[in-house]
Amino acid sequence: MMNVCIVAGARPNFIKVAPLIRAIQGAEDMDFQLIYAGTEKDPTLEGSLFDDLQIARPDVFLGVDSTSLNEITGQVMGAFDRYLEEHPADVVVVVDDLASTMAAAIVTKKRGIVLAHLVAGTRSFDIKMPKEVNRLVIDGLSDLLFTAGVSNSSITNREGAEQSKVYRVGNILLDNLRFNHARWQRPAIMDELQLEEGKYIVFTINRKALLEDRENLKKMLDTMVETVGEKQEVSIPVIAPLRGKALDVVSTINCQLSTVNCQFKVLPPLPYLEFGYLTSHAMGIITDSGNVAEEATFNGVPCITLNSYTEHIETVKQGSNVLVGEDAEQLKKAMRDLLGGNWKKCSLPDRWDGRTAERIVQILRDTVITK
């Protein structure tokens with residue numbers, strides 16, 4: 001029986017490991033434990049999240065609660081090392097690029113345990129970003145690098161990873177969309193706001209740099225509001241389900257917007273299944289989230305990303321995504337294309353088929369069990 005340890009460092013990680021957990025649960029030759037770096041009282045881990053993803057809450061909480069990246073790294077290393085001392089594992093799976101992810105990766109390698117990195121090979125090529133440092137360290141240590149696409153695999157190879165360690169498995173985020181296709185829940189807020197499918201735009205934001213430059217953020221929100229009101233018989237509503245700091249910042253700016261011809265609605269965060277319904281039935285999406293852009297590509301929904309790069313260029317080259325940076329004029333141009341029905345044709349990148357977790361389980365069988 002292979003013993004798999006899966007480490008999650010923040011809420012988005014659970015969405016990516018959920019398909020893997022479900023696939024392992026269907027395997028007779030594997031068992032797993034789910035470890036969370038944070039605390040049981042983490043407010044971002046609402047009870048509905050785990051019900052919606054059809055997985056249990058973490059088996060173990062390491063209890064780390066800090067905003068300092070270096071403190072998080074040290075505390076997770078100590079706590080995770082103690083965990084592995086008492087609970088030996090055949091393989092540790094880490095996901096994405098957080099400080100806690102890097103900490104778990106370092107401890108795993110020091111203990112001589114097979115390390116697998118889920119969503120490997122993502123790069124911004126900006127070494128000033130703490131996450132970029134984490135990515136380089138994690139990929140450099142990993143025995144198994146699970147990448148989402150050709151570009152990510154090429155990056156790991158260029159940086160010296162042996163080809164035998166790199167597996168292009170596809171985008172695991174999309175496994176959830178396939179799994180939940182018949183489970184999406186139409187939010188009650190759609191009836192309250194009288195929203196019709198395909199006749200509204202979803203807006204999400206979370207990136208720290210965008211939230212801190214409030215002057216430019218206001219300019220982009222003003223542009224958004226003005227553009228959806230241009231030459232429209234009925235203004236297209238913009239729906240913004242936000243959480244944490246983003247909710248506070250955008251709510252404050254929203255009071256200053258010229259919303260004469262537009263319904264710009266800022267909402268508290270929606271449960272996973274409701275958010276999935278909202279985005280998959282939208283006319284378009286404006287976001288700074290790579291995950292949301294990837295889901296939009298799977299759903300074939302036009303997506304405008306407020307960033308100058310994406311970790312998965314497939315969303316732009318083949319998918320429904322366009323990058324406009326933090327430029328209000330570029331945002332206006334893209335929105336006019338969206339509202340005018342002039343969006344590009346898109347297709348699904350190779351292996352973005354919702355079966356990534358199945359491939360990973362087979363690779364673990366072929367590589368870890370045989371060692």
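How many nonpolar, polar and charged residues are there in the lining of the largest cavity? By class, that lining has 6 nonpolar, 4 polar and no charged residues. Here Ala, Val, Leu, Ile, Met, Phe, Trp, Tyr, Cys and Pro count as nonpolar, Asp, Glu, Lys and Arg as charged, and the others, Gly among them, as polar.

Good morning. The structure above is a predicted model, in which local features need pLDDT of at least 70 and side-chain atom pairs count only at pLDDT 80 or more, while totals for chains, interfaces and linings use all residues. Residues are numbered from 1 along each chain as its sequence is written, and side-chain values use heavy atoms, with hydrogens and water left out.

I begin with the empty space. Rolling a probe the size of a water molecule over the atoms shows where empty space is left. On a 1 Å grid over the protein atoms alone, a cavity is a set of points where a 1.4 Å probe fits but cannot get out, and a pocket is an open set with protein on both sides within 12 Å along at least five of seven lines; lining residues have an atom within 4 Å of a point. Grid points are joined across faces, edges and corners, and a volume is the space filled by probe spheres set on the points.

The count comes to 1 cavity of 30 Å³ or more. Its lining includes Leu118, Val119, Phe146, Thr147 and Thr356. Strand 5 (114-120) and strand 6 (144-147) are the elements that give two or more residues to this lining. Helices (H or I, at least four residues) and strands (E, at least two) are DSSP runs, numbered from the N terminus.

Phe146 leads us to the nonpolar core. Such a core is a set of buried Ala, Val, Leu, Ile, Met, Phe, Trp, Tyr and Cys residues joined through side-chain atoms within 4.5 Å. Buried means under 20% relative accessible area, exposed over 50%, and partly exposed in between (1.4 Å probe, protein chains only). The largest nonpolar core has 65 residues, and Ile6, Phe146 and Leu364 have the most contacts inside it. Helix 1 (residues 11-25) supplies the largest share of this core, 7 residues. A second, separate core of 31 residues includes Leu221, Met224, Ala246 and Phe264.

An open sheet of 7 strands has the order 3-2-1-4-5-6-7, with parallel pairing; two strands pair if DSSP finds at least two bridges between them. Strand 3 (60-61) and strand 7 (166-168) stand at the edges with a single partner strand each, so one side of each lacks a neighbour in the sheet. Strand 1 (residues 2-8) and strand 2 (residues 30-36) run parallel, joined by 7 bridges. Ile6 has Leu34 in strand 2 as its bridge partner.

Strand 11 (residues 284-287) has Gly284 and Ile286 pointing one way and Ile285 and Thr287 the other way, and all are buried. Strand 11 is joined by 3 bridges to strand 8 (residues 201-203), with the two running parallel, and Phe203 stands opposite Ile286. A further 3 bridges join strand 11 to strand 12 (residues 303-305), also parallel, where Thr287 stands opposite Thr305.

Finally, the second largest pocket has a volume of about 160 Å³. Among its lining residues is Gln194. Is Gln194 buried or exposed? Gln194 counts as exposed, at 71% relative accessibility. Although not a glycine, Gln194 has a positive phi of about 55°. Its place is in the loop between helix 8 (188-192) and strand 8.
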